Amino acid sequence: MAAHLDLEEQEQLEQLKAFWKRWGNLITWVLTAVLAAFAAWQGWNWYQRDQAAKAAAMYDEFDRALAAQDVDKAAIAAGDLKARYGGTGYAAQAGLQVAKLQLDKGKADDAKQSLTWVAEQGAEGGPYRDVARLRLAGLQLDAKAYDEAGKTLDAIKTTDFAPLVADRRGDLLLLQDKRDAAKAEYQKALAGLEKTQDYRRIVEAKLATLGVPTAVEATGAAQ
């Protein structure tokens with residue numbers, strides 16, 4: 001009986017050797033690749049957390065300059081964030097906020113540059129780029145750069161922003177004296193906005209100037 005078991009074990013061992021001879025290298029390569037991928041994933045997560053922590057510390061410096069309304073220091077701090085941690089949400093947020101401060105201080109060209117950076121190089125996976133595009137289009141309209149504004153609006157893909165894009169496009173068309181097309185865009189914007197949103201009043205006011213009755217006017221007429 002023992003000899004029989006020894007024979008079976010030897011046969012199994014030979015089968016295992018044959019199997020390993022045929023497939024061993026492949027299995028080893030697959031396992032190595034899986035382990036390497038896991039290690040890389042772990043390392044990337046650590047790197048991302050490390051970058052975010054360092055960016056957060058640098059963002060605090062920017063935030064202090066922003067609170068003090070020091071546009072020069074805020075611009076420098078935002079520039080440092082872009083240079084060292086440009087892929088983080090902190091850099092994109094700083095770009096948006098410093099652009100607003102620059103605009104408030106009368107530095108429209110600097111604000112355009114800040115918004116352009118966020119629109120083109122800001123962190124992906126969030127609304128930062130499209131927020132920057134929406135604001136940038138407004139500055140381009142102010143500068144009468146209508147073709148540029150149209151291209152900027154075309155690049156916005158976030159569906160939640162569709163009503164705001166339509167509203168801004170209505171502004172563009174109205175400035176180009178395309179009243180009917182502007183009216184259609186404003187109506188599209190109004191239809192996409194929640195009834196509880198205050199911004200509806202602004203869009204309704206624009207429609208009123210084009211001769212389109214608003215909900216408020218309709219109620220007043222009925223009374």
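Predicted model: local features only at pLDDT ≥ 70, side-chain atom pairs only at ≥ 80, totals over all residues.
What covers the buried residues of helix H5 includes H3, helix H4 (108-121), H6 and H7.

H5 itself is mostly covered, with twelve of its 15 residues buried. Those buried residues are Arg129, Asp130, Val131, Ala132, Arg133, Leu134, Leu136, Ala137, Gly138, Leu139, Gln140 and Leu141. On length, the 15 residues of H5 should span 21 Å at 1.5 Å a residue, and the end C-alpha atoms of H5 are 22 Å apart, which agrees. After H5 comes Lys144, whose phi is positive, near 60 degrees.

Now a step back to the whole chain. The chain has ten helices and zero strands. Read along the sequence, the pattern is therefore α-α-α-α-α-α-α-α-α-α. Of the 223 residues in the chain, 34% are buried. Take the contacts between residues at least 6 apart in sequence: 48% of them join residues at least 24 apart.

Next, pairs of helices. Two packed helices are described by the angle between their axes and the distance between the axes.

The pair that involves H5 is H4 and H5. Their axes are 8 Å apart and the packing angle is about 150 degrees. The crossing of H4 and H5 is left-handed. On the H4 side, the contact is made by Ala108, Ala111, Lys112, Leu115, Thr116, Val118, Ala119, Glu120 and Gln121. On the H5 side, the residues are Tyr128, Arg129, Ala132, Arg133, Arg135, Leu136 and Leu139. By type, the residues of this contact between H4 and H5 divide into nine nonpolar, two polar and five charged.

The second pair is helix H2, residues 71-85, with helix H3, residues 89-104. How do these two run relative to each other? Their axes come within 9 Å and cross at roughly 155 degrees. H2 and H3 are therefore roughly antiparallel to each other, since an angle over 145 degrees counts as such. The crossing of H2 and H3 is also left-handed. From H2, the residues in the contact are Val71, Ala74, Ala75, Ala78, Leu81, Lys82 and Tyr85. They meet Tyr90, Ala91, Ala94, Gly95, Val98, Leu101 and Gln102 in H3. Here the division is eleven nonpolar, two polar and one charged.

Ala91 is found in helix H3. Is Ala91 buried or exposed? At 0% relative accessibility, Ala91 counts as buried, because the cut-off for buried is under 20%. Leaving out residues up to four places away in sequence, Ala91 touches Leu81, Lys82, Tyr85, Gly86 and Trp117. As a reference for distance, Ala91 and Ala77 are 14 residues apart in sequence, and their C-alpha atoms are 9.6 Å apart in space.

Back to H7, one of the helices covering H5. H7 covers residues 162-175, which makes 14 residues. H7 reaches 20 Å from its first C-alpha to its last, close to the 20 Å expected at 1.5 Å a residue. Which residues of H7 are buried? They are Pro163, Val165, Ala166, Asp167, Arg168, Gly170, Asp171, Leu172 and Leu173. These buried residues pack against helix H5 (128-142), helix H6 (146-154), helix H8 (179-192) and helix H9 (199-209).

Last topic, backbone angles in the loops. Most residues other than glycine have a negative phi, and most peptide bonds are trans.

Just after H7, Asp177 takes a positive phi of about 65 degrees, although Asp177 is not a glycine. Where does Asp177 sit? Its place is in the loop between H7 and H8. At 61% relative accessibility, Asp177 counts as exposed, because the cut-off for exposed is over 50%.

Gln69 is another such case: it is not a glycine, and its phi is positive, about 60 degrees. Gln69 lies in the loop between helix H1 (2-67) and H2. With a relative accessible area of 41%, Gln69 is partly exposed.

To recap: the chain has ten helices and zero strands, the crossing of H2 and H3 is left-handed, and so is the crossing of H4 and H5. H5, where I began, is mostly covered.

Key. Residues numbered from 1 in each chain as written. Heavy atoms only, no water. Helix = DSSP H or I, 4+ residues; strand = E, 2+ residues; numbered from the N terminus. Expected span 1.5 Å × (residues − 1). Buried < 20%, exposed > 50% of the residue type's maximum accessible area, 1.4 Å probe, protein only. Contact = heavy atoms within 4.5 Å. Axes fitted to C-alpha atoms, helices over the stretch in contact; angles between N-to-C directions. Parallel < 35°, antiparallel > 145°, perpendicular 65-115°, else oblique. Nonpolar A, V, L, I, M, F, W, Y, C, P; charged D, E, K, R; others polar.
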